Amino acid sequence: MVTRALNEVETKQMLGAAGIAVTPCELARDAKAARAAAERMGYPVALKIVSPDVVHKSDVDGVRLGVATGTAVRRAFDELVAAVRARQPDAHIDGVAVQPMAPPGGVEVIVGVSVDPQFGHVLMCGLGGLLVEVLGDVAFRLVPLAPRDARALLAELRGAAVLHGVRGRPGVSLPALEALLLGVSALVERRPDIRELDLNPVLAYPDRAIAVDARALVAVEA
Ligand code: ADP
Ligand code: MG
């Protein structure tokens, strides 16, 4: 099967149109356009490299967080492009994605979809960062998910206590996370051409949950 990768901007457009909470995200092709986008969105912003040849943007120094002024945006644009060119000289660079910074203090959650040859779309969810990487604390459900599936999946995570609030940290909105999982399930149910979807991370807060990074793989006609 021939597949095509959707970049962060394209993936967030698709997710946003499906009613899934994402940070608004605009592709800027030069430093001036990046600054204009940042002024429209309000500071601080995050800037990220957009390239079909870069999957993990941080690995190539392709992410700048908390950029707070127009001058800093222009400088960060040039730095990002230079950093990626230096590490991956043959990477094609589409530009830089500009987006508002999500507030600090969110709990990092990852949400993914893959396709099982027998069962079709499978949704995966886990707590971000070390819990996923070291402990593999994730849970799976077949698509489509019913509301009770979303609830049960979150309750199943070994680190579920983190969602409920630990050591004086407030808990996160479980209904907001559940709504996001159900939104992703509904989207891929309508779109069998989506072969992979990664929302990594989703930031969960006491009152909402929002995806700040996303990528997708879709099937194309050969
Ligand atoms: P990568 O391709 O390396 O996964 P990400 O887009 O996930 O790049 O960015 C790396 C990290 O930066 C994220 O895990 C998250 O912690 C933080 N981050 C990214 N975008 C935002 C944003 N809009 N607001 C706040 N933090 C962000
Ligand atoms: Mg990421």
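Reply: Gladly! The domain assignment of the protein chain gives domain 1 (24–100) and domain 2 (107–220), bounds that come from an automatic or database domain assignment. Taken over C-alpha atoms, the centres of domain 1 and domain 2 are 26 Å apart. This is a predicted model, in which local features need pLDDT of at least 70 and side-chain atom pairs count only at pLDDT 80 or more, while totals for chains, interfaces and linings use all residues. Residues are numbered from 1 along each chain as its sequence is written, chains are lettered from A and ligands numbered from 1 in the order in which they are written, and side-chain values use heavy atoms, with hydrogens and water left out.

Me: Why is Val98 called buried?

Reply: Buried means under 20% relative accessible area, exposed over 50%, and partly exposed in between (1.4 Å probe, protein chains only). Val98 has 0% relative accessibility, so it counts as buried. Val98 is found in strand 5 (residues 95–100); helices (H or I, at least four residues) and strands (E, at least two) are DSSP runs, numbered from the N terminus.

Me: Which residues does Val98 touch, not counting residues up to four places away in sequence?

Reply: Contact means heavy atoms within 4.5 Å. Among the residues that Val98 touches are Pro24, Cys25, Ala34, Ala37, Ala38 and Met41.

Me: What makes the buried residues of helix 2 a group on one side or on several?

Reply: The buried residues of helix 2 (residues 31–41) are Ala31, Ala34, Ala37 and Ala38. They cover an arc of only 120° around the axis, which puts them on the same side of helix 2. The arc is that of the directions from the helix axis to the C-beta atoms. These buried residues pack against strand 2 (26–28), strand 3, helix 3 (70–87) and strand 5. Lys32 and Arg40 are exposed on the face of helix 2 turned away from its buried side.

Me: What caps the N-terminal end of helix 2?

Reply: That is Asp30, with a side-chain oxygen 3.2 Å from the backbone nitrogen of Lys32. A polar contact is a pair of N or O atoms within 3.5 Å; within protein, one must be able to donate a hydrogen and the other to accept it, and residues adjacent in sequence count only if both atoms are side-chain atoms. After helix 2 comes Gly42, with a positive phi near 95°.

Me: How do you know that the buried residues of helix 5 line one face?

Reply: Helix 5 (residues 147–156) has Ala150, Leu153 and Leu154 as its buried residues. Seen down the helix axis, they fall within an arc of 95°, so they line one face of helix 5. Arg148 and Ala155 are exposed on the other side of helix 5. The buried residues of helix 5 pack against strand 7 (120–127), strand 8 (138–142), helix 6 (160–164) and helix 7 (174–190).

Me: Which residues are the protein donors of the magnesium ion (ligand 2)?

Reply: They are Asn200 (O) and Asp213 (OD), lying 2.2 Å from the ion. Donors are N, O and S atoms within 2.8 Å of the metal (3.2 Å for Na, K and Ca), and water is not among the atoms, so sites may look incomplete. The pair links distant parts of the chain, 13 residues apart: Asn200 is in strand 9 (residues 194–204), and Asp213 is in the loop between strand 10 (209–211) and strand 11 (214–220).

Me: Why do Asn200 and Asp213 get the labels they have?

Reply: Asn200 has 39% relative accessibility, so it counts as partly exposed. Asp213 has 18%, so it counts as buried.

Me: Which residues are closest to ligand 1?

Reply: 17 residues surround ligand 1, and the closest are Lys48, Lys57, Ser58, Ala102 and Glu108. A residue is near a molecule or strand if one of its heavy atoms lies within 4 Å of it. A backbone N or O atom of Ala102 lies 2.8 Å from a nitrogen atom of ligand 1, and a side-chain N or O atom of Glu108 is 2.9 Å from an oxygen atom of ligand 1.

Me: Are Lys57 and Ser58 buried or exposed?

Reply: Lys57 has a relative accessible area of 12%, so it is buried. Ser58 has 55%, so it is exposed. Ser58 lies in the loop between strand 3 and strand 4.
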